[in-house]
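This briefing goes with the sequence and structure shown below.

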Amino acid sequence: MTDATVSEPGHRLKPLTPAMLRQLSARSDLRGAAQSLGHYGAIALLGALIWKVSSTWGVLWALPLMAVQGYVVAFLFMAVHETAHKTAFKSRGLNLAVGYLSAFIIGLPYEYYCLFHWDHHRYTQDPDKDPELIVGVKPASDTQLAVAYSGLLQVAGRLRLMLGHSITGNVTVPWIPESKRAVIVREARAYAALYVLLLALSLWFSSALLLWVWIVPLVIGQFFLRPYLYAEHTGCERTRSAFENTRTTYTGAVVKWFAWNMPYHVEHHAHPSIPFHALPKLNAIVDGEIVHRGHGYIRTTRETWAWFRRQLQAAQANER
């Protein structure tokens with residue numbers, strides 16, 4: 001990207017100079033700690049409320065709280081994402097600590113995701129090389145499309161892949177280089193062992209605590225996370241330009257906070273070295289160049305759903 005960009009003839013955007021880029025790219029342990037502690041604090045508070053309500057009045061009364069907890073827990077994916085870029089904190093150690101913990105909670109091995117996501121940035125919207133498109137669900141019916149939007153197939157797929165790595169010791173996906181395959185196997189086995197240990201402890205103490213404050217909310221949370229993730233690139237062009245192959249969605253402050261400012265997704269793809277807390281400032285600079293704009297996630301989800309249905313209908317027409 002050049003220092004000055006043009007959105008339309010005669011209209012120059014505010015230049016993004018090297019000095020501005022360096023300033024925006026400054027990482028902060030304080031900002032990362034505030035974001036992480038706030039996110040985990042919300043999880044702890046909601047978890048305590050769920051346990052109190054369920055143990056006092058029964059599990060059914062705690063279901064609304066579980067839905068809220070589901071949103072918050074599932075969106076720890078954003079902590080994994082930001083720490084994968086090593087931009088959540090200035091300290092590499094803090095990035096790794098928060099990244100590993102968050103990845104374990106959402107069942108997404110951290111080292112594996114870092115490599116997966118690296119290729120996603122290198123090959124965004126390339127159907128043959130972008131891992132998100134390669135592993136993405138390709139629904140053949142409206143029912144399958146609805147299941148895809150639930151996020152359950154995606155979670156089941158990554159857990160199945162993790163178990164496959166841990167049991168067989170084989171890693172064959174193309175985005176994992178041969179030099180890293182042993183690391184991915186060890187990571188998968190460590191995750192599997194820790195999950196088994198937590199299950200054994202829960203059975204030993206006859207406790208459903210983890211089920212109600214973690215597992216069930218995590219499953220519910222996929223119904224919020226998956227439509228959000230589909231909004232990032234669905235229906236955008238398959239080009240190399242982040243301003244054409246990615247969507248920024250304009251939404252409320254609460255959503256942006258729990259998503260670690262990733263609704264500013266064009267900005268993130270254009271300049272992945274810029275940390276989450278500086279993306280609103282970057283948006284003010286490059287906003288005029290953004291091609292795909294979402295206006296709230298309800299409306300954007302309707303648009304991405306319609307795009308998937310058009311692809312489905314076109315595929316069915318070609319088969320006739």
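D287 and R293 form a salt bridge, with their closest N and O atoms 3.1 Å apart; a salt bridge here is a side-chain nitrogen of Lys or Arg within 4 Å of a carboxyl oxygen of Asp or Glu. This is a predicted model, in which local features need pLDDT of at least 70 and side-chain atom pairs count only at pLDDT 80 or more, while totals for chains, interfaces and linings use all residues. Residues are numbered from 1 along each chain as its sequence is written, and side-chain values use heavy atoms, leaving out hydrogens and water.

**Salt bridges**

- The structure holds four salt bridges.
- D287 is partly exposed at 25% relative accessibility, and R293 is partly exposed at 31%; buried means under 20% relative accessible area, exposed over 50%, and partly exposed in between (1.4 Å probe, protein chains only).
- R309 pairs with D142 in another salt bridge, the closest N and O atoms being 3.0 Å apart.
- R309 lies in helix α16 (residues 297-319) and D142 in helix α8 (residues 142-150), so this pair ties together parts that are 167 residues apart in sequence. Helices are DSSP runs (H or I, at least four residues), numbered from the N terminus.
- R309 has a relative accessible area of 28% and is partly exposed; D142, at 35%, is also partly exposed.
- R299 and E303 meet in a salt bridge at 3.5 Å, N to O. They are four residues apart in helix α16, about one helical turn.

- Helix α11 has 25 residues and reaches 37 Å from its first C-alpha to its last, close to the 36 Å expected at 1.5 Å a residue; the expected span is 1.5 Å times one less than the number of residues.
- At L218, α11 bends by about 35 degrees, the bend being the angle between axes fitted to the seven residues ending there and the seven starting there.
- R226 is found in α11 (residues 209-233). R226 is buried yet has no salt bridge, and the nearest side chain of opposite charge, E132, is 6.7 Å away.
- Not counting residues up to four places away in sequence, R226 touches A148, Y149, S150, G151 and Q154 (contact means heavy atoms within 4.5 Å).

**Positive phi**

- Most residues other than glycine have a negative phi.
- K86, not a glycine, has a positive phi of about 60 degrees; K86 lies in the loop between α4 (77-84) and α5 (92-106).
- Q125 has a positive phi near 70 degrees and counts as buried at 7% relative accessibility.

Key
Helices (H or I, at least four residues) and strands (E, at least two) are DSSP runs, numbered from the N terminus. Lys and Arg count as positive and Asp and Glu as negative; His and the chain ends are not counted.
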